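Student: I would like to work through this protein chain step by step, with the structure open beside us. Could we begin with the way its parts pack together?

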Amino acid sequence: MEQRLRRVTRPAVARVPDAATIARVGLGAMVLVAGVHKLLDPAAWALYVVPWLEPFILLSPVDFMLLNGWLELAFGLALLVDRYTAFASLVAAASLTATIGYLTVVWVTTGQFGDVLARDVGLAMLAWAVFVEAVRR
């Protein structure tokens with residue numbers, strides 16, 4: 001089955017960008033869209049700030065999300081246009097990895113956000129892959 005799939009899809013796959021480009025553009029689009037949504041509806045994202053975390057952030061949860069929205073907009077655009085890719089993907093990877101740690105604690109202690117945790121594990125690995133590829137170039 002694997003060989004048949006390769007034979008059937010090879011002509012189409014030959015015409016698309018390489019996997020590293022697809023990964024970079026996908027990560028950039030995700031970061032950009034998340035940033036836009038944070039700017040349009042920061043309260044929806046502020047729900048992820050549980051009460052015990054609030055004293056550790058210097059801004060209100062909504063203002064924190066607005067700040068993050070602008071940063072994500074900039075880093076997402078950088079990834080999409082392939083500028084400062086190593087730095088932008090490192091920031092995304094480190095941020096997502098920290099988010100995984102935070103969400104793990106919240107999930108284990110309250111049962112909340114397990115779905116977001118599962119998604120962010122994959123996104124963090126995508127970001128690390130983009131970073132590794134950017135550094136290798």
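Student: At what angle do helix α2 and helix α4 pack, and how are they oriented to each other?

Tutor: This is a predicted model, and in it helix α2 covers residues 19-40 while helix α4 covers residues 61-80. Their axes are 7 Å apart and the packing angle is about 155°. Since angles over 145 degrees count as roughly antiparallel, this angle makes α2, in relation to α4, roughly antiparallel.

Student: Which kinds of residues make up the contact of α2 with α4?

Tutor: On the side of α2 the contact includes R24, V25, L27 and G28, and on the side of α4 the residues include M65, L66, N68 and G69. The crossing in which α2 passes α4 is left-handed. Sorted by kind, the residues of this contact are three charged, five polar and 16 nonpolar.

Student: How is α2 placed against α6, where the angle is about 130°?

Tutor: The axes of α2 and α6 are 9 Å apart, and the helices pack at an angle of about 130°.

Student: What about α4 and α5: at what angle do they pack, and what is their relation called?

Tutor: For α4 and α5 the axes are 9 Å apart, and the angle is about 135°.

Student: Where does Y84 lie, and is Y84 buried or exposed?

Tutor: Y84 lies in the loop between α4 and α5, and its phi is near 55°, a positive value in a residue other than glycine. Most residues other than glycine have a negative phi. As exposed means over 50% relative accessible area, the 62% relative accessibility of Y84 makes this residue exposed.

Student: F113 has a positive phi as well, so where does F113 lie, and is F113 buried or exposed?

Tutor: Phi of F113 is near 65°, and F113 is a residue other than glycine. The place of F113 is the loop between α5 and α6. Its relative accessible area is 15%, and because buried means under 20%, F113 counts as buried.

Student: Which residues does D120 contact, leaving aside its neighbours within four places in sequence?

Tutor: D120 lies in helix α6, and at 5% relative accessibility D120 counts as buried. Leaving aside those neighbours within four places, the residues in contact with D120 are L96, T99, I100 and L103.

Student: What separates the C-alpha atoms of V108 and T97?

Tutor: V108 is found in helix α5, and at 62% relative accessibility V108 counts as exposed. T97 is eleven residues from V108 along the chain, and the distance between their C-alpha atoms is 17 Å.

Student: To finish with the whole chain, how many helices and strands are there, and what share of the residues is buried?

Tutor: The chain has six helices and zero strands, and its C-alpha atoms fill a box of roughly 55 × 35 × 30 Å along the principal axes. Of the contacts with a separation of 6 or more, 69% are between residues 24 or more positions apart. The accessible surface of the chain comes to about 8800 Å², and 70% of that belongs to carbon and sulfur atoms. Of the 137 residues in the chain, the buried share is 33%.

Key:
Residues numbered from 1 in each chain as written. Predicted model: local features only at pLDDT ≥ 70, side-chain atom pairs only at ≥ 80, totals over all residues. Heavy atoms only, no water. Axes fitted to C-alpha atoms, helices over the stretch in contact; angles between N-to-C directions. Helix = DSSP H or I, 4+ residues; strand = E, 2+ residues; numbered from the N terminus. Parallel < 35°, antiparallel > 145°, perpendicular 65-115°, else oblique. Left-handed = near helix turned anticlockwise from the far one by under 90°. Contact = heavy atoms within 4.5 Å. Nonpolar A, V, L, I, M, F, W, Y, C, P; charged D, E, K, R; others polar. Buried < 20%, exposed > 50% of the residue type's maximum accessible area, 1.4 Å probe, protein only. Areas by Shrake-Rupley, 256 points an atom, 1.4 Å probe, with all protein chains shown as cover.
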